[in-house]
Amino acid sequence: MARPTHRVLTLLELLQSGGIRTMAELADRLGVDERTVRRYVDHLVDLDVPVESVRGRYGGYRLAPGYRLPPLMLSDDEALAVLLGLVAGRRTGLMTMMGTASETAAAKIRRVLPERLARRLDTVLETLAFTAPPGEFATPETAVLLSIADAVRHHRPISIRYTAADGRRSERTLHPYGLVAHSGRWYVTGADPEIGEDRIFRLDRIADARTLPGSFEPPAGLDPAQRVLSGLAKAPYRHEVVLRIQGTVEQIRARLPASIATVEEPTSAGGADPETEGWLRVELRAERLDWLPPVLASLDQPFIIERPDDLRDLVAALAERLGAFARRVPPAPGAGVAK
């Protein structure tokens, strides 16, 4: 009786992920009955894969400790997923300082694939086009990324050597809450115990990260991604802009995401105030103001500019230009262009 090789390999993948897998779990994941699972296990044992049977209420199967896995085996879908992930990672900045690592990894996978599958994957990669041009991203060192990730997972403090945007160097202690990838850059957010404040650091500016003795307890309900977005929105820039916009948070966020602006509802004592109901306070910081008038126009919602006055002048100038364009009349058919 022929054995379904694909399901046997899937069973091996489930077991190699670690821990004890119950009979019921394996049968459900493989879509077979428990008797068939036993047959698949026997097949792995015939291939000298040391699968152990664990008895008891929570028993099942597991791989023997210290077992070294056989060479990498990928299905067509898995091979395509891995190679596309490597290509996308290079283009979006989700790579470490070892810039050639993704290229060498792709080359190794390509060499061990059957020729038929390799040609098909090459065809996909050669014909694939991206709408966004490849960016040049500042990437972190692999050792820094791995050290911080380990500290985040085990709630350990770390010591980092950091170079700020203005070139100033410092060494500080951080209680890291989480790693966040945003717009082609890596960030770590955490608490600086010396000043008692939360901080955000770019990983590519960290030259060294060392785990320190002790541990810490992160805040309840922590959302590292939201902390990074809020921190970026509050970063110091040349202009501080305060607006009031009549609309919903969703409407505003469609044009002014959390990484750019903060949105809050005005507080009013004693019930809703007709003067402020439906109006949201929006704050943002920017090096230039010229991009804001078109964004406000695209919102198509009533707004009030509290500051700066320069933005009010830019919006008025855009409105005049749009009005002038709208009043233009197309030339009559056959009319020539005056020289």
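I start with H1 and H2, whose crossing is right-handed; a crossing is called right-handed if the near helix is turned clockwise from the far one by less than a right angle, and left-handed if anticlockwise. Before going on: this is a predicted model, in which local features need pLDDT of at least 70 and side-chain atom pairs count only at pLDDT 80 or more, while totals for chains, interfaces and linings use all residues. Residues are numbered from 1 along each chain as its sequence is written, and side-chain values use heavy atoms, with hydrogens and water left out.

Helices (H or I, at least four residues) and strands (E, at least two) are DSSP runs, numbered from the N terminus. H1 covers residues 5-16 and H2 residues 23-30; their axes come within 10 Å and cross at roughly 135 degrees. Axes here are lines fitted to C-alpha atoms, for helices over the stretch in contact, and angles run from 0 to 180 degrees between N-to-C directions. H1 and H2 are therefore oblique to each other; angles under 35 degrees count as roughly parallel, over 145 as roughly antiparallel, 65 to 115 as roughly perpendicular, and the rest as oblique.

Which residues of H1 and H2 meet? From H1 they are Arg-7, Thr-10, Leu-11 and Leu-14, and from H2 Leu-26, Arg-29 and Leu-30, where contact means heavy atoms within 4.5 Å. They divide into 4 nonpolar, 1 polar and 2 charged. Ala, Val, Leu, Ile, Met, Phe, Trp, Tyr, Cys and Pro count as nonpolar, Asp, Glu, Lys and Arg as charged, and the others, Gly among them, as polar.

Next, the strands. E5 (residues 185-192) and E6 (residues 197-202) pair in the antiparallel sense over 6 bridges; strands pair if DSSP finds at least two bridges between them. They form a hairpin with 4 residues between them, and Gly-196 in the turn has a positive phi of about 70 degrees.

An open sheet has 4 strands in the order E9-E10-E8-E11, with antiparallel pairing. E9 and E11 stand at the edges with a single partner strand each, so one side of each has no neighbour in the sheet. The twist averages 20 degrees from one strand to the next. H10 packs on this sheet, touching E8, E10 and E11, and its direction makes about 10 degrees with that of E8.

Last, H10 (residues 292-299) also packs with H11 (residues 309-326), at an angle of about 65 degrees and with axes 9 Å apart. The residues of that contact are 8 nonpolar, no polar and no charged.
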